[in-house]
Amino acid sequence: MERKNFLQLFHLALILIDNTDAGKLCDFAAKFPCKGSHCLPPPFKSKTMQESEEPTTTVTTELQGTTLGSSIYTCPPSMIYGNCTCEATCEDPKGESACYSTCLGSKGCICKAGLMLNGSDCISASSCSCFVTEANLVISNGKTYVNDNCTQKCSCSNNRLICEYDYSCSTNAVCDVQNEVRQCYCNEGYEGDGETCESWYTDCQDVYDAGYSQDGVYTIMPTGWPGLPFNVSCKMENGGGWTVFQRRTDGSTSFYQNWTAYKDGFGDSRNFWLGNEKLHYLTNQRNYKLRFDITTSNGNDEYADYAEYTKFQIESESNNYTMNQLGLRSGTGGTGDYFFRNRRKPFSTHDRDNDACGTFDCAEKHRSGWWHSNIWCSSCESDSFCYYFHYNSSCNTMCTHENLNGVYSGGNGEMIYSSRALYCNVQYVEMKIRPSS
């Protein structure tokens with residue numbers, strides 16, 4: 001009896017087991033996964049021990065508990081026996097993770113009111129992680145709290161609350177709640193932590209000016225662009241800051257695409273069209289120049305030439321992405337010498353004929369989306385040679401003198417070419433822009 005009173009004094013759980021059942025205790029606990037060892041089976045009264053009855057391994061107890069066979073178990077002092085619920089923990093003050101417990105709705109040992117589970121113990125909220133008095137809120141280590149108007153930010157580290165009372169949003173940010181987290185968030189077109197927000201690069205010139213001198217893919221967001229930031233290929237030679245919007249290196253990507261494809265862009269890193277919508281916003285945020293780089297092959301010899309134009313601008317889709325500006329040309333080999341004939345021409349695709357040539361659909365004939373001109377439309381009405389749109393020995397066409405989106409190394413003149421330079425076998429072509437001032 002003295003031994004029983006001693007154990008009651010320290011509120012210890014007593015377990016009465018037969019020697020033969022001792023090995024089954026761990027199996028019993030593993031069947032009830034709620035909160036690890038805290039989930040118990042439904043309670044029922046323990047076996048009443050007679051004074052003359054001798055236990056095999058331990059003594060009886062008057063503590064009310066739960067039994068299984070001859071086993072007795074009681075909850076720790078900081079817990080009570082009740083329904084297993086979405087119990088708050090120091091790591092999860094809202095108890096959200098506990099709501100996925102497999103023991104939900106069963107009986108078990110749970111923390112008393114005002115206490116939170118910390119490992120296998122229940123402790124007070126003020127001793128668990130960090131307690132924000134102003135918000136009556138507990139935040140766990142590594143977490144932060146920002147007040148309603150984003151003028152105070154508190155963080156919890158090693159159960160110590162550290163608050164910044166000078167926390168404030170950048171002029172390019174807003175105090176908001178996103179994904180259940182309140183803080184300062186940068187406005188669209190800016191990036192940062194909310195306290196400091198910097199604008200996205202608007203083109204490759206911004207990237208170059210920021211100190212990036214290597215060719216590569218960078219993320220930009222042109223002024224006024226309504227969508228998300230997007231990636232572009234930047235070339236940093238020849239003065240740096242060139243934003244590439246067209247590239248052809250082989251025939252793996254067809255440029256015989258419809259209006260929507262040319263509007264949104266298509267291709268991969270080797271062959272692509274950036275997209276007319278992006279090109280419109282790019283060329284309308286400041287003044288740009290245009291550059292062609294073309295490499296051709298004549299047997300074993302390769303020739304590289306270029307052309308630059310002092311102005312280049314594309315109108316909106318409502319104006320069919322018309323090339324409304326094209327400045328003076330400079331360059332080598334006569335590359336792009338007749339591109340001026342495409343100035344002020346709308347963009348055309350095989351499903352959106354805007355070339356003003358009533359007899360023919362130049363985009364369909366030449367298998368390319370382009371600013372096709374209509375310079376030879378009248379003479380082609382009666383000329384069978386023009387009707388088939390074959391090129392002559394100089395690679396000229398009766399529809400347009402420049403066509404950098406034609407079929408790669410195709411037959412019947414359906415190929416990439418620049419007329420004045422007599423390029424009939426283009427191996428590589430790239431079109432790019434950079435600010436002119």
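Which order do the strands of the open sheet of three strands have? The order is 9-10-11, with antiparallel pairing. This is a predicted model: local features need pLDDT of at least 70, side-chain atom pairs count only at pLDDT 80 or more, and totals for chains, interfaces and linings use all residues. Residues are numbered from 1 along each chain as its sequence is written, and side-chain values use heavy atoms, without hydrogens and water.

**View 1. Three strands form an open sheet.** Strand 9 (144-146) and strand 11 (160-164) stand at the edges, each with a single partner strand, so one side of each has no neighbour in the sheet. Strands (E, at least two residues) and helices (H or I, at least four) are DSSP runs, numbered from the N terminus. Two strands pair if DSSP finds at least two bridges between them. Strand 9 and strand 10 (residues 153-157) pair over three bridges. Tyr-145 stands opposite Cys-154 in strand 10.

**View 2. A disulfide joins Cys-130 to Cys-156.** A disulfide here is a pair of cysteine sulfur atoms within 2.5 Å. The S to S distance is 2.1 Å. The torsion about the S-S bond is about 75°, so this disulfide is right-handed. Cys-130 lies in strand 7 (residues 130-132) and Cys-156 in strand 10, 26 residues apart. Both cysteines are buried; buried means under 20% relative accessible area, exposed over 50%, partly exposed in between (1.4 Å probe, protein chains only).

**View 3. Cys-169 and Cys-184 form a disulfide.** Their sulfur atoms are 2.0 Å apart. The torsion is about -80°, so the link is left-handed. Cys-169 is partly exposed at 25% relative accessibility. Cys-184 is buried at 1%.
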